[in-house]
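Trainee: I would like to learn how to read features from a model. Can we go through one together?
Mentor: Gladly. Ask about one feature at a time.

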Amino acid sequence: MSYIMQKRISQIFIEQVTKRGFKHTSVAKIMKIGNIRRQSFYDNFQDKYELLEWTVRAMMEDDIQSNLDYLSWQEIIPLVFYDIELHAKFYRSVMDDQCEIDVAREISLNLMTLLLHILEKKNLVKDDQARDFVETYCLGMTYTMLDNLYRVHPKEYDELSKKVIAAIEFTFRHY
């Protein structure tokens with residue numbers, strides 16, 4: 001029951017942040033819109049920052065971890081890029097209006113799961129140097145996605161994801 005409640009609260013949170021901005025989204029408003037008791041929020045989250053962290057993590061887990069056994073990594077990357085583009089207003093607001101939660105780091109950590117999964121399947125996870133490379137690469141990939149949200153003429157998600165896939169494949173060929 002708790003996960004369902006968390007998802008419901010998170011969905012309202014995404015909608016409100018997208019509409020009103022992070023600064024103007026309150027716990028009280030989320031609960032009122034969802035017709036949910038305020039205590040139910042506090043049974044699941046400490047505050048809206050913990051809700052933000054949970055929401056970003058859940059969005060990434062839905063895109064990445066939930067698909068690791070069903071989709072190829074070449075299909076997952078465009079899915080992540082698409083989801084970030086789809087929720088561009090949400091991401092811009094939470095990055096502009098608060099600094100308590102490092103949204104880019106949350107996204108990057110989930111992308112690391114994907115890249116480490118790829119490396120393990122290719123038997124390439126050999127040492128800490130490879131893991132350091134993955135961490136650095138994922139931060140770069142995350143900032144590529146997030147930077148695109150602020151461009152006057154943003155690139156389409158599929159164009160960006162093709163470049164990232166090509167870069168990963170290039171790296172694997174030369175590893």
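**Reading the features**

Mentor: Take a cysteine to begin. Cys-99 counts as exposed because its relative accessibility is 70%. Keep in mind that this is a predicted model.

Trainee: Is Cys-138 buried or exposed?
Mentor: The cut-off for buried is under 20% relative accessible area. Cys-138 has 0% relative accessibility, so Cys-138 counts as buried.

Trainee: Next, salt bridges. What is the general idea?
Mentor: Side chains of opposite charge can pair when their charged atoms come close. The cut-off here is 4 Å, from a side-chain nitrogen of Lys or Arg to a carboxyl oxygen of Asp or Glu.

Trainee: How many salt bridges are found in the whole structure?
Mentor: Five. One of them joins the side chains of Glu-53 and Arg-57, at 3.4 Å from N to O.

Trainee: Where do Glu-53 and Arg-57 lie?
Mentor: Both are in helix 4, which covers residues 48-63. They are four residues apart, about one turn of the helix. Glu-53 has 26% relative accessibility, so Glu-53 counts as partly exposed. Arg-57 is partly exposed too, with a relative accessible area of 31%.

Trainee: Which residue forms a salt bridge with Arg-57 at 3.2 Å?
Mentor: Glu-106 does, and 3.2 Å is the distance between the closest N and O atoms. Glu-106 lies in helix 7 (residues 103-121) and Arg-57 in helix 4, so this pair ties together parts 49 residues apart in sequence. Glu-106 itself is buried, because its relative accessible area is 9%.

Trainee: Which residues are linked in a network of salt bridges?
Mentor: Glu-53, Arg-57 and Glu-106. Arg-57 has a bridge to Glu-53 and a bridge to Glu-106.

Trainee: Show me another bridge between helices.
Mentor: Look at Arg-105 and Glu-135. Their side chains meet in a salt bridge of 3.7 Å, N to O. Arg-105 lies in helix 7 and Glu-135 in helix 8, so the pair ties together parts that are 30 residues apart in sequence. Arg-105 is partly exposed at 33% relative accessibility, and Glu-135 is partly exposed with a relative accessible area of 30%.

Trainee: Which residues form the positive surface patch?
Mentor: Lys-19, Arg-20, Lys-29 and Lys-32. Helix 1 (2-20) and helix 2 (27-34) each supply at least two residues of this patch. Arg-20 lies in helix 1. Arg-20 counts as partly exposed because its relative accessibility is 40%.

Trainee: Which residues gather in the patch of negative charge?
Mentor: Glu-85, Glu-156, Asp-158 and Glu-159, on the surface. Glu-156 lies in the loop between helix 8 (128-148) and helix 9 (157-173). With 47% relative accessibility, Glu-156 counts as partly exposed.

Trainee: Where is Asn-35 found?
Mentor: In the loop between helix 2 and helix 3 (38-44). Asn-35 is exposed because its relative accessible area is 71%.

Trainee: Last topic: sequence separation against distance in space. Give me a case.
Mentor: Thr-55 and Ser-10 are 45 residues apart in sequence. Their C-alpha atoms are 5.8 Å apart in space. Thr-55 is found in helix 4. Thr-55 is buried, with a relative accessible area of 0%.

Trainee: What separates the C-alpha atoms of Tyr-137 and Ala-88?
Mentor: They are separated by 22 Å, and the two residues are 49 residues apart along the chain. Tyr-137 is found in helix 8. Its relative accessible area is 18%, so Tyr-137 counts as buried.

How values were computed. Residues numbered from 1 in each chain as written. Predicted model: local features only at pLDDT ≥ 70, side-chain atom pairs only at ≥ 80, totals over all residues. Heavy atoms only, no water. Patch = residues over 30% accessible without salt bridge, like charges linked within 9 Å, V, L, I, M, F, W, Y side chains within 5 Å. Areas by Shrake-Rupley, 256 points an atom, 1.4 Å probe, with all protein chains shown as cover. Lys, Arg positive; Asp, Glu negative; His and termini not counted. Charge placed at Lys NZ, Arg CZ, Asp CG, Glu CD. Buried < 20%, exposed > 50% of the residue type's maximum accessible area, 1.4 Å probe, protein only.
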